[in-house]
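Work through the following exercises with the sequence and the structure at hand. Each task is followed by a solution in steps.

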Amino acid sequence: MYKRILICTDGSPLSDKAASSGVALAAALGAEIVAFMVVDIYPQSYFEGALMLNAKEIEAIEGQWRDKARRQLEVVQKQAQKVGVTSTAVLGKGAVWDAIIKAAKKQKCDLIVMASHGRKGVARVLLGSETQAVLTHSHVPVLVLR
């Protein structure tokens, strides 16, 4: 059925739970996984919340964020290894929903597994939902877990 599954994580407890379920699904189907996480880009202007830092400081901060993301992806890969699932780790950048869709296409994934963050009410309206945007724009099936 599904041969290559993109498992999205952001390091939150809910996405960790979804990643574990995605790995279990891959094991049951004999599929391989692509562990995926989007790394933030340091804001470029004061209005985006940036502090005035020089290029070297920004590079160091983004490097720390990439290292943290790699460690998170290693956790997913270790889970996969324990159950005999082949895995690849990929970092993305940019708008989260768009990066997920692009990664699924580039990595030739036939399923996207991700968590629903469960925002409701005003928080949902103000913050938006990456999951909702992926569901709206993806041509690849999406499995949303809570």
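**Exercise 1.** In this predicted model, classify Asp67 by its relative accessible area, then find its salt-bridge partner and describe where the pair lies.

Solution. 
- Step 1. Asp67 has a relative accessible area of 39%, so Asp67 is partly exposed.
- Step 2. The side chain of Asp67 forms a salt bridge with that of Arg70, with 3.3 Å from N to O.
- Step 3. Arg70 is likewise to be classified: at a relative accessible area of 41%, Arg70 is partly exposed.
- Step 4. Both residues belong to helix H2 (residues 55–82); because they are three residues apart there, about one helical turn separates them.

**Exercise 2.** State how many salt bridges the structure holds, and examine the one between Arg4 and Glu32.

Solution. 
- Step 1. The count of salt bridges is three.
- Step 2. In the pair Arg4 and Glu32, the closest N and O atoms are 2.0 Å apart. The cut-off for a salt bridge is 4 Å, so this pair qualifies.
- Step 3. Arg4 has 15% relative accessibility and counts as buried, because buried means under 20%. Glu32, with a relative accessible area of 30%, is partly exposed.

**Exercise 3.** Which element holds both Lys102 and Asp98, and is Lys102 buried or exposed?

Solution. 
- Step 1. Lys102 and Asp98 are both found in helix H3 (residues 96–106), where they are four residues apart, about one turn of the helix.
- Step 2. Their side chains meet in a salt bridge at 2.9 Å, N to O.
- Step 3. The relative accessible area of Lys102 is 53%. Exposed means over 50%, so Lys102 is exposed.
- Step 4. Asp98 has a relative accessible area of 25% and is partly exposed.

**Exercise 4.** Describe the surroundings of Val144: which strand holds it, and which residues does it touch beyond four places away in sequence?

Solution. 
- Step 1. Val144 sits in strand S5 (residues 142–145).
- Step 2. With 30% relative accessibility, Val144 counts as partly exposed.
- Step 3. Leaving out residues up to four places away in sequence, Val144 touches Met114, Ala115, Ser116, Thr131 and Leu135.
- Step 4. Val113 is 31 residues from Val144 along the chain, and the C-alpha atoms of the two are separated by 6.1 Å.

Note on methods: Residues numbered from 1 in each chain as written. Predicted model: local features only at pLDDT ≥ 70, side-chain atom pairs only at ≥ 80, totals over all residues. Heavy atoms only, no water. Buried < 20%, exposed > 50% of the residue type's maximum accessible area, 1.4 Å probe, protein only. Helix = DSSP H or I, 4+ residues; strand = E, 2+ residues; numbered from the N terminus. Contact = heavy atoms within 4.5 Å.
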